[in-house]
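The sequence and structure are shown first.

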Amino acid sequence: MSTETGIDEGRAAFREHRWIDASRSYADADRRGGLPAADLERLATAEILTGNTAAGLETLTRAHEEYLMVGDITGAMRCAVWLGMHLLNLGETARSAGWFARGRTLVDELDEPGPVAGLLLFPAALGKLYGGDAAGALQLFTEAGSVARKFQDRDLAALALLGTGQATLMLGRAEEGLGMFDEAMVAVTAGELSPVPSGIIYCAVIGNCHLAFDLERALQWTVALDRWCRDRPDMVAFSGQCQSHRAELFRLHGAWAEALTAAAAAQGLAARGDPQALFSGFYQQGEVERLAGKLDAAEECYRQAARSGWEPQPGLALLLLARGEARQAQSMIRRAAEVADAATRCHLLPALVEIELAAGDPGAARRGADELETIAGQYPKPMLCKSLPGCSVSGWQSGAVTWLGCDSPMVLPPHGAFAECACLDMSALAGSGIGSVYSAGLIRSMPTHAAGVAHYRPATP
């Protein structure tokens, strides 16, 4: 096979999302006579998508150098920025910073930097987003969106909209942020975007839907992501994250065996080249193990999840509570809630109320329950909304605190089960492998004693 034939076959396979075939054809052509910069860039993408990340980064570096050799500064900038983004996702912050700095240096050589200049805003925007400055992040993502509109760049526009939605959600404006996610997903599902931005947006949107307690949205987009991944069977990147989202949905609906299977798949894909699946793959397994009473196994899962750099909360605090260490659990959940952004704090409140009750601080529990009820009133989603008594998180919390004030034994679900109750129409998942599960996470996690219930009293001071 000639070099030209290999390049043609590589391009065709890339267009058809046959990433392994694209990698093989391009690699063969590269050995025979080398590849142009644009094809090196495609080869790098195919290698990264199939889990061969180290080779992909090396190939993308070659593409950057080839663009420089032919005088294409814009192409060289694009490779530099994406090298920085990939390395940032891998936690290699020093190398990432170096490539971002290279990109900024190249910007100065252009009279009109183009859309890549918008991507160069992302490192600072992400730093602010995850550093607690959601307002600052919102400003930078909005600026990136303006660059995208100026140059009609769809990838940049969708990524900027994703970041704007995340910052808006963290500022406590959930409906507005979720609407932005839906808009970004229109571009993804219409096939308008490149593969890597598509995968980033899919996974981030679903994760943020879970964070916002909007499980109907998470369910619908998980089905779409599952279909997207199935259409690309040799893809490793993003497939692990898809499995971790499936694991969470299974867990929330009581299908624990299926949740463990999906979590194990996520862990395997994380090891093969989707490192972003590491945290959730182990965290979701830990949640199931904890709810099943297998506390040592849960602790090991949380330890593995923490290797990602993210703190496994509220699961770890609830694990301490399950072991009778209410005071330590209280300190841990309070600290996590104090430093959390608005969206994450909302996600932690159910566990905070439960732990405060167990630790003997009904005042703190009532304040947390009231805060959750206020959020539920402003943001009426089924999992939060008080209008669904007995099936909403806020309903469980308010009822529990009220019971406490009666100085009577309470019949409560086990530690962490408050957040397991979700009222969803699972028919949207028919045929996907998720739709057969049932909304019974709460019931599955109920302990059984001789009388059929467990009586709960708060810890004494």
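## Conventions

A crossing is called left-handed if the near helix is turned anticlockwise from the far one by less than a right angle, and right-handed if clockwise. The model is predicted, so local features need pLDDT of at least 70 and side-chain atom pairs count only at pLDDT 80 or more, whereas totals for chains, interfaces and linings use all residues. Residues are numbered from 1 along each chain as its sequence is written, and side-chain values use heavy atoms, with hydrogens and water left out.

## Helices α20 and α21

Helix α20 (residues 342-358) packs against helix α21 (residues 362-378) at an angle of about 150°, and their axes are 8 Å apart. The pair is therefore roughly antiparallel (angles over 145 degrees; under 35 is roughly parallel, 65 to 115 roughly perpendicular and the rest oblique). α20 passes α21 in a left-handed crossing.

On the α20 side, the contact (heavy atoms within 4.5 Å) includes Arg345, Cys346, Leu349 and Glu356. Among the partners in α21 are Ala364, Gly368, Glu371 and Ile375. The residues of this contact comprise 11 nonpolar, 1 polar and 3 charged (Ala, Val, Leu, Ile, Met, Phe, Trp, Tyr, Cys and Pro count as nonpolar, Asp, Glu, Lys and Arg as charged, and the others, Gly among them, as polar).

## Helices α2 and α3

The axes of helix α2 (residues 19-33) and helix α3 (residues 37-49) come within 9 Å and cross at roughly 135°. That angle makes α2 oblique to α3. The crossing of α2 with α3 is left-handed.

Trp19, Ala22, Ser23 and Tyr26 of α2 meet Asp39, Arg42, Leu43, Ala46, Glu47 and Leu49 of α3. By class, the residues of this contact are 6 nonpolar, 1 polar and 3 charged.

## Nonpolar cores

A nonpolar core is a set of buried Ala, Val, Leu, Ile, Met, Phe, Trp, Tyr and Cys residues joined through side-chain atoms within 4.5 Å. The largest has 87 residues, and Phe122, Ile201, Val205, Leu225 and Phe238 have the most contacts inside it. Helix α5 (residues 73-89) gives the most to this core, with 10 residues.

Beyond its neighbours within four places in sequence, Phe238 is in contact with residues including Leu49, Pro195, Ile200, Trp228 and Asp274. A second, separate core of 16 residues includes Met332, Ala336, Ala351 and Ile355.

## Ser96

Ser96 lies in helix α6 (residues 93-107). Its relative accessibility is 1%, so Ser96 counts as buried (under 20% relative accessible area; exposed is over 50% and partly exposed in between, with a 1.4 Å probe and protein chains only). Leaving aside neighbours within four places in sequence, Ser96 is in contact with Gly84, Leu87 and Leu88.

Key:
Axes are lines fitted to C-alpha atoms, for helices over the stretch in contact, and angles run from 0 to 180 degrees between N-to-C directions. Helices (H or I, at least four residues) and strands (E, at least two) are DSSP runs, numbered from the N terminus.
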